[in-house]
Amino acid sequence: MDTHANLIQQFNALPENWNAWLIENIQRGCAPEELAQILLKEGLIDPTQTSTQSNQQAQEHFSWLEQIVEQKNRSNPAQDLTQEQKTWLAQALFEQKTKELIYQTLKAQGLNEIDIANELVHLKQNPYFKIAQQQHFLLQKRNWLLDTLDRFARLNIAYNKIERIQVPSFEHFVHHYYSRNLPVILNNAIDHWDARKKWSPEYFRKTIADKKIEVQFNRERDPLFERNSIQHKTQMTMNDFVDLIEQNPHSNNFYMTANNAKASHSNLSELFKDIGEFHDFTDHEQVRKRSFIWFGPKGAFTPLHHDLTNNFLVQIYGKKKVTLIPAMQTPHLYNDVAVFSQIADPHDPQMIEQFPELKKCSKIECILNEGDALFIPIGWWHCVESLHVSISVSFTHFNIDNGGAESFPYPSQI
């Protein structure tokens, strides 16, 4: 016999005293099936009712439970739900899971229906939850828009691969790539730089010698080394750093990155003399302020992230492999903190298994040879691996609007 459906259909027909009895016992946590058996014995419900419970009837039953709670206006939410259960319940409502599934899941964890109903009522009345629900909807809408635009963008062949071209006019670059948020590789873009001819580990040793530089160190002990880059800052001489690179043919344990630029800037000043103008794309007066040197061994790896400005990555010594994923595919990249993804390496088979939405993303690979300049548009996700001992320069000082970082909504510290 379908006791839930019978209670739904016959509740309003009960005498007033039995109606009050039913409400009181449900609030005490008695199982509706047992109460229905008592009503059946008293002849107060019809045993001939169908035993097939439709989804609509289930919805009505659970809504009815919540109405009971609202009528009684309990002052405090049920204490039986753990914080994990409350979090799951809120997420289930955000995802519009059916009430039947919600009740079944929580009942299987030992909760009774009236306490679940009580928690639902208080949650829906909570102003913080209402705000969160509205923001969740807006996020879902934004993700829908990005997915839709991404689907149409894939119709353009230039969106699915990175073009290699000779250095164009700045106007052509802005029109076809910068303004359209599309990456591109410029061949032979820095042949006129002294750095292209001079830079190597030995040149760095000779030029900087015993001057102190800042690097990231002990990265291999910390899976979140890039997020925790401040904790890995270490000072050493350029001599010692070059020795480390020469003594370790493959390592991700140490790397001089853009995050170390400020501390190393004055002692690297001689190297910046070797960086020439980047055609008419940049304001060369800002080269020292907005250029960053990357120097590390084969195997140095920067995990998946996106930048807050447009930038060029110029390969000067050695080779790097760069994997890019379009900015519009952000909804599938498990972005959890600031510019970082929970996916460190999109090529790792375990990542694909753990984060199934990654399958929806385009992983666009390219190899940067010496002299190549890769334009990485703002918001494009990328990870970078050094295939040899590598020296690169990245820069952001374009002769055009390159804002973004200053208005980025960093997480609240409250």
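The lining of the second largest pocket splits into 5 nonpolar, 5 polar and 2 charged residues. Keep in mind as you look around that this is a predicted model. The pocket itself has a volume of about 490 Å³. Leu 139, Gln 140, Arg 142, Asn 143 and Leu 146 are among the lining residues.

Now move over to the largest pocket, which holds about 970 Å³ of space. It is lined by 35 residues, and the ones closest to its centre are Ala 258, Asn 259, Trp 294, His 305 and Asp 307. Sorted by class, the lining of the largest pocket has 16 nonpolar, 12 polar and 7 charged residues.

Last, a quick look at the cysteines. With a disulfide taken as a pair of cysteine sulfur atoms within 2.5 Å, the count here is 0 disulfides. Are Cys 366 and Cys 383 buried or exposed? Cys 366 has a relative accessible area of 8%, so it counts as buried. Cys 383 is buried as well, because its relative accessible area is 2%. The cut-off behind both calls is a relative accessible area under 20%.

Technical notes
Residues numbered from 1 in each chain as written. Predicted model: local features only at pLDDT ≥ 70, side-chain atom pairs only at ≥ 80, totals over all residues. Heavy atoms only, no water. 1 Å grid on protein atoms, 1.4 Å probe; cavity = no way out; pocket = protein on both sides within 12 Å on 5 of 7 lines; lining within 4 Å. Points joined across faces, edges and corners; volume = space filled by probe spheres on them. Nonpolar A, V, L, I, M, F, W, Y, C, P; charged D, E, K, R; others polar. Buried < 20%, exposed > 50% of the residue type's maximum accessible area, 1.4 Å probe, protein only.
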